[in-house]
Amino acid sequence: MTPIGDFIKLIPKVELHVHLEGTLEPELKFLLAERNNLELPYASVEEMRAAYDFDDLSSFLIQYYEGMSVLVTEEDFYDLAMAYFERVAAQNVIYVEMFFDPQAHTVRGIELRTVMSGIRRAQQDSEKSFGIRSQLIMCFLRDMSVESAAETLEQAREFRDCILGVGLDSDENSNPPIKFQQIFADARSQGYRLTMHCDVDQENSVTHIWQCLNDIGVDRIDHGVNSLEDDKLVEEIRRRELGLTVCPISNAHVSDGTKASAIKAMLEKELLVTVNSDDPAYFPGYMTENLTRVQEEVGLTKNEISQLVQNSVKASWLNGDERAKYLQQIKAFTDAN
Ligand SMILES: [Zn+2]
């Protein structure tokens, strides 16, 4: 029998909640800063890592946006995405639905075309080199205006075929889902799949999750741990078979813990709960580390780990054939180990 630690390392994995910009490791940040002749406010990688001392969402977001300044050229976006794919290939990640934040770049004068072409090239190369398939979800920054989101949706028209869905991220405080109701309705009419962040332990979290269901009609919920506070909400999420993309190590940085017991409770309630890495360069830990952390805290069995990974396939926006193929691959691994 394979030891549980190795089982987690080796099982084929799917990731549904990772922000490309959140994979920017300090080493690469220094390299890109040098390439673009930019000064960073840190003398060394160690000093930068020490500054990643977040205790809430806002303190993280300040570092996060500051870090993006080093992303300037098509090659920078390519290198960033390739570094992520290479790293998770070693963890046997086989499929990814990846967020990126167009506005975080366009506000700095970087064209969406530059961003898209770097990421697209990395997606193609990673499929060839590492066998990882990936699709993109464009997130609107909820602390920016509705007009800016509308402009971004318009700019994305020429890349419609390369973007699978739209999401909503950044600071949830005073920026409820309903603020973006029209934009998401427009996105839906253009054929995008819809998801939104409902970050852990935010003010009015349960109300925001209900808005996602009733006013937006999301296809998935990012985080959404606080749904457990409302039995009717849990029932509705289960009835609609909505995936919940929970990010344990990220939770531990911005709230009182990983919420591992909430993940276990969600599994017991037969919700489509999944485990993901969020911003792994800032909340250190990719897929394997996140699954391991949950396993260590609440003692998941191999079958429960396999269930979490299978949930990711079920909650993904893959078509039926692809879904069946990945599920088969995960089940075969589970049976053999
Ligand atoms: Zn996130």
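Helix α7 (112–130), strand β3 (133–141) and strand β4 (163–169) each supply at least two residues of the lining of the largest pocket. Helices (H or I, at least four residues) and strands (E, at least two) are DSSP runs numbered from the N terminus. This is a predicted model, in which local features need pLDDT of at least 70 and side-chain atom pairs count only at pLDDT 80 or more, while totals for chains, interfaces and linings use all residues. Residues are numbered from 1 along each chain as its sequence is written, and side-chain values use heavy atoms, with hydrogens and water left out.

**The largest pocket**

- The largest pocket has a volume of about 170 Å³.
- Of the 13 residues lining the largest pocket, Arg-120, Gln-123, Arg-133, Ser-134 and Gln-135 are the closest to its centre.
- A pocket is an open set of points, on a 1 Å grid over the protein atoms alone, with protein on both sides within 12 Å along at least five of seven lines; lining residues have an atom within 4 Å of a point.
- Grid points are joined across faces, edges and corners, and a volume is the space filled by probe spheres set on the points.
- By class, the lining of the largest pocket has four nonpolar, four polar and five charged residues.
- Ala, Val, Leu, Ile, Met, Phe, Trp, Tyr, Cys and Pro count as nonpolar, Asp, Glu, Lys and Arg as charged, and the others, Gly among them, as polar.

**Cavities**

- A cavity is a set of points on the grid where a 1.4 Å probe fits but cannot get out.
- There are two cavities of 30 Å³ or more.
- The largest cavity holds about 160 Å³ of space.
- The lining of the largest cavity has 20 residues, and Leu-57, Phe-60, His-197, Asp-199 and Asp-279 lie nearest the centre.
- Helices α4 (57–67) and α12 (248–254) are the elements that give two or more residues to the lining of the largest cavity, and α4 gives the most, with five residues.
- Nine nonpolar, six polar and five charged residues make up the lining of the largest cavity.
- The second largest cavity has a volume of about 40 Å³.
- Lys-13, Val-14, Val-275, Met-287, Leu-291, Leu-308, Val-309 and Ser-312 line the second largest cavity.
- Strand β1 (13–19), helix α14 (287–298) and helix α15 (302–315) each supply at least two residues of the lining of the second largest cavity; the largest share, three residues, comes from α15.
- The lining of the second largest cavity divides into six nonpolar residues, one polar and one charged.

**Helix pairs**

- Axes are lines fitted to C-alpha atoms, for helices over the stretch in contact, and angles run from 0 to 180 degrees between N-to-C directions.
- Angles under 35 degrees count as roughly parallel, over 145 as roughly antiparallel, 65 to 115 as roughly perpendicular and the rest as oblique.
- Contact means heavy atoms within 4.5 Å.
- The axes of α2 (residues 26–35) and α5 (residues 74–89) come within 11 Å and cross at roughly 165 degrees, which means that α2 is roughly antiparallel to α5.
- In the contact of these two helices, Leu-28, Leu-32 and Arg-35 of α2 meet Glu-75, Asp-76, Asp-79, Leu-80 and Ala-83 of α5.
- The contact of α2 with α5 has four nonpolar, no polar and four charged residues.
- For α13 (residues 260–268) and α14, the axes come within 9 Å and cross at roughly 85 degrees, so α13 is roughly perpendicular to α14.
- Ala-260, Ser-261, Ile-263 and Lys-264 of α13 make this contact with Val-294, Glu-297 and Val-298 of α14.
- The axes of α8 (residues 146–155) and α9 (residues 181–189) come within 9 Å and cross at roughly 10 degrees, so α8 is roughly parallel to α9.
- Here Val-146, Ala-149, Ala-150 and Leu-153 in α8 meet Ile-183, Asp-186 and Ala-187 in α9.
- The contact of α8 with α9 has six nonpolar, no polar and one charged residue.
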